[in-house]
Amino acid sequence: MRLALDEAGRATKGGDVPVGAVVLSADGSVLATGHNEREATGDPTAHAEVLALRRAATALGEWRLSGCTLVVTLEPCTMCAGALQQSRVDRVVYGARDEKAGAAGSLWDLVRDRRLNHRPEVIEGVLADECARLLTDFFRNR
């Protein structure tokens, strides 16, 4: 999560909401990182999770990220939860809950919906206070 927090800090330099993500391989090594780049790129899909998943798939040479873990500072939204489900990651670890748009347990629980064919393990609340504080400070200063 500390690596994801470092990535989140990079997002603010481009004026983006400070969310960072890291994809770990099955052996725990870092495959890819990402941070929000919507403002920097003008791309509405440039969320930290989506960028990290794309980069991890490129690093592995395939779209299936079986055995991988995504670590992200903020609970994934519906778009990112769908991408996680489609990428077949085994585990999602997140810090702060997102009561307004979270789709991994708070508002919705898309990643663990029993109707879907793949349901990753979800671990929430890792360094939650630190992750939430980064977001609170960002929006307070806006």
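## A friendly tour of a predicted model

**Helix H4 and what follows**

- Helix H4 covers residues 78-87, and its buried residues are Cys80, Ala81, Leu84, Gln85 and Ser87.

**The largest pocket**

- The volume of the largest pocket is about 390 Å³.
- Its lining is made up of 19 residues, and those closest to the centre of the pocket are Val17, Val19, Leu74, Asp98 and Leu135.
- Which helix gives the most to this lining? That is helix H5 (residues 128-141), which supplies four residues.
- Sorted by class, the lining holds eleven nonpolar, three polar and five charged residues.

**Helices H1 and H5**

- Helix H1 (residues 2-13) packs with H5 at an angle of about 5°, and the two axes are 11 Å apart.
- Because angles under 35 degrees count as roughly parallel, H1 is described as roughly parallel to H5.
- From H1, the residues that meet H5 are Arg2, Leu5, Ala8 and Thr12, while H5 brings Glu130, Cys131, Leu134 and Phe138 to the meeting.
- In this contact of H1 with H5, five residues are nonpolar, one is polar and two are charged.

**Glu37, a residue in a loop**

- Look for Glu37 in the loop that lies between strand S2 (30-35) and helix H2 (38-41).
- Is Glu37 buried or exposed? Its relative accessibility is 16%, and buried means under 20%, so Glu37 counts as buried.
- If you leave aside neighbours within four places in sequence, the contacts of Glu37 are Asp16, Gly42, Ala46, Leu51 and Arg55.

**Thr136, a residue in a helix**

- Thr136 has its place in helix H5, the helix that also packs with H1.
- With a relative accessibility of 39%, Thr136 falls between the 20% and 50% cut-offs, so it counts as partly exposed.
- How many residues separate Thr136 and Ala104 in sequence? They are 32 residues apart in sequence, and from C-alpha to C-alpha they are 20 Å apart in space.

Methods: Residues are numbered from 1 along each chain as its sequence is written. This is a predicted model: local features need pLDDT of at least 70, side-chain atom pairs count only at pLDDT 80 or more; totals for chains, interfaces and linings use all residues. Side-chain values use heavy atoms; hydrogens and water are left out. On a 1 Å grid over the protein atoms alone, a cavity is a set of points where a 1.4 Å probe fits but cannot get out, and a pocket is an open set with protein on both sides within 12 Å along at least five of seven lines; lining residues have an atom within 4 Å of a point. Grid points are joined across faces, edges and corners, and a volume is the space filled by probe spheres set on the points. Helices (H or I, at least four residues) and strands (E, at least two) are DSSP runs, numbered from the N terminus. Ala, Val, Leu, Ile, Met, Phe, Trp, Tyr, Cys and Pro count as nonpolar, Asp, Glu, Lys and Arg as charged, and the others, Gly among them, as polar. Axes are lines fitted to C-alpha atoms, for helices over the stretch in contact, and angles run from 0 to 180 degrees between N-to-C directions. Angles under 35 degrees count as roughly parallel, over 145 as roughly antiparallel, 65 to 115 as roughly perpendicular and the rest as oblique. Contact means heavy atoms within 4.5 Å. Buried means under 20% relative accessible area, exposed over 50%, partly exposed in between (1.4 Å probe, protein chains only).
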